[in-house]
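Q: I've got a protein model open and I'd like to learn how to read it feature by feature. Can you walk me through it?

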Amino acid sequence: MTERTPIRLRDRDTIVQALAAGVVPRVGLQHIQVGRMLEVSALIKDIDRIADGGSSCRFVIGEYGAGKTFFLSLVRLIALERRCVTIHADLAPDRRIHATGGQARGLYAEAIRNMATRTKPDGGALPSVVERFISECVKVAHADNRPVEQVIDDRLASIQELVGGHDFSHVLKCYWQGSEAGNEALKASALRWLRAEFPTKTEARQALGVRSIIDDADVFDSLKLLARFTRLAGYTGLLVVFDEMVNIYKLQSSQARNQNFEQILRMVNDMLQGNSEGLGFIFGGTPEFLMDSRRGLYSYEALQSRLAENQFAAPGLVDLSGPVVRLQNLSPEEFLILLGNIRAIFALGDPTKHLVPDEALDVFMAHCSQRIGEAYFRTPRNTIKAFVQLLAILEQNPALDWRTLIGSVSVDDDPGEDVATAVDGDDELATFEL
């Protein structure tokens, strides 16, 4: 079994803690990733297209616990390595693609707070992206003996052609003016505007002299502006990742769902037609979110026609050229490698410190298969949690024999989360089981 390279103790603890809780680690994904090479390759091509000034739109569909969020996190890391800027956010009852009560602005603000670059992969990268743009403008101005403001105007000329571009450019110049004058309040106000944190136009006008704010109706146009700006700042483009799209499926109001579907349709059309430069979207959701003919994307005829599977993709044939990427299930062999990777993480990559032998991995898989059948490797979240907990006990109690523990390991099938149906308007919740 191939061993992984040594990892830092801090990263090891972060990975183990996350896996034990059933969530995706924020670091060290390369130590865990197995399988799904076709899907990863398809998304890498999308990232390269974005870097080449094109656009992309994908729907990554997978069952609860099948590794969808892990896959999206891996794709974000690949985008960062290719010098893209990434932003991401999970949809929730108070964060939607379309809304009139601030929920769409909340989604945008959350995504911007999570902005990442290769040098700031953990988020909060907006100030550094803006600083990079301003610094380059100052450098060019000094080299050409021109006013800095003139260089900024020239650089932002293409942005001003877009919807909302004039105010966007004005806010960036306010940031530069704040930097020149040592006015930290002005710089902070500019960043607040870019993060969509101004609640009213009046407050924004008093702070920055602009007549607009990024509000519910401006989210998509603002993302297109941001993508153009990231390229002007020296990055290859912008990748936007929205996960937990099932929260749109949960909306009780058919009108609210359709309004969100209309906005998604606008994004799909714009990306597939290549109308945006250096911008890509990845939406993560469950099969119900996509295929439910009553509440899912397939209930909206225009989206169904664009997202329908290739009619020639018979069972066993994979077509990754369309917008929908269905995550293929891990095979038992791939799951065995995954368990070996987790074992190696506990041992900090040192095979002499493995807590269990290879035999234990096979015995553990057989035990899980008896308990929940094929679900142990098809939706492996709970199985991984159980294995991590098993290794944690063995690590803290070295006198124990792994054989006596595996038989007592409790592994439950992962049926998915309770679905909370958000009532449009006051956001009350009613729950039912999928």
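What follows is a chat that goes from the overall fold down to single residues.

A: Happy to. Keep in mind throughout that this is a predicted model.

Q: Let's begin with the big picture. How many helices and strands does the protein have?

A: The secondary structure comes to 19 helices and 7 strands.

Q: What share of the residues is buried, and what share of the surface belongs to carbon and sulfur?

A: Of the 434 residues in the protein, 51% are buried. The accessible surface is about 19,400 Å², and carbon and sulfur atoms hold 48% of that.

Q: How do I read contacts along the sequence? What part of them comes from residues 24 or more positions apart?

A: Take the contacts with a separation of 6 or more: 70% of them link residues 24 or more positions apart.

Q: Now the inside. Which residues have the most contacts within the largest nonpolar core?

A: A nonpolar core is a set of buried nonpolar residues joined through side-chain atoms. The largest one here has 84 residues, and F59, I97, W193, F229, F242, I264 and F281 have the most contacts inside it. Helix α5 (residues 126-144) supplies the largest share of this core, with 9 residues. Apart from that core lies another, of 51 residues, including L74, L330, V356 and I406.

Q: Then let's do α12. How does its reach compare with what is expected at 1.5 Å a residue?

A: Helix α12 (residues 254-272) has 19 residues and reaches 26 Å from first C-alpha to last, close to the expected 27 Å. Its buried residues are A256, R257, N260, F261, Q263, I264, L265, M267, V268, D270 and M271. They pack against β1 (55-61), α10 (219-232), α11 (246-249), β4 (279-285) and α14 (301-307). Just after the helix, G274 takes a positive phi of about 70°.

Q: How do I tell whether the buried residues of a helix share a side?

A: Start with the general idea: an α-helix has 3.6 residues a turn, so residues three or four places apart point the same way. Now the case here: in helix α6 (residues 148-155), V148, V151 and I152 are buried. They sit on the same side of α6 because they cover an arc of only 100° around the axis. What covers them includes α5 and α7 (165-181).

Q: And cysteines? How many disulfides does a search of the whole structure find?

A: The general idea is that a disulfide is a covalent bond between the sulfur atoms of two cysteines. The search finds 0 of them here. As for individual cysteines, C137 is buried at 0% relative accessible area, and C368 is also buried, at 0%.

Q: How do I use relative accessibility on single residues? Is L339 buried or exposed?

A: The cut-offs are under 20% for buried and over 50% for exposed, with partly exposed in between. L339, in helix α15 (residues 332-346), is at 0%, so it counts as buried. Beyond its neighbours within four places in sequence, L339 is in contact with L361, F364, M365 and F387.

Q: What about residues in loops? Is T117 buried or exposed, and S408?

A: T117 lies in the loop between α4 (103-113) and α5, and at 1% it is buried. Not counting residues up to four places away, T117 touches L80, C84, V85, A125, V129 and Y235. S408, in the loop between α19 (402-406) and β6 (419-422), has a relative accessible area of 55%, so it is exposed.

Q: Last one: where do I find a positive phi on R83 and on L348?

A: R83 isn't a glycine, yet its phi is about 65°. R83 lies in the loop between α3 (68-81) and β2 (85-90) and is partly exposed at 34%. L348 isn't a glycine either, and has a positive phi of about 55°. Look for L348 in the loop between α15 and α16 (358-372), where it is partly exposed at 28%.

Definitions and conventions: Residues numbered from 1 in each chain as written. Predicted model: local features only at pLDDT ≥ 70, side-chain atom pairs only at ≥ 80, totals over all residues. Heavy atoms only, no water. Helix = DSSP H or I, 4+ residues; strand = E, 2+ residues; numbered from the N terminus. Buried < 20%, exposed > 50% of the residue type's maximum accessible area, 1.4 Å probe, protein only. Contact = heavy atoms within 4.5 Å. Areas by Shrake-Rupley, 256 points an atom, 1.4 Å probe, with all protein chains shown as cover. Core = buried A, V, L, I, M, F, W, Y, C linked by side-chain atoms within 4.5 Å. Expected span 1.5 Å × (residues − 1). Arc of directions from axis to C-beta. Disulfide = S-S within 2.5 Å.
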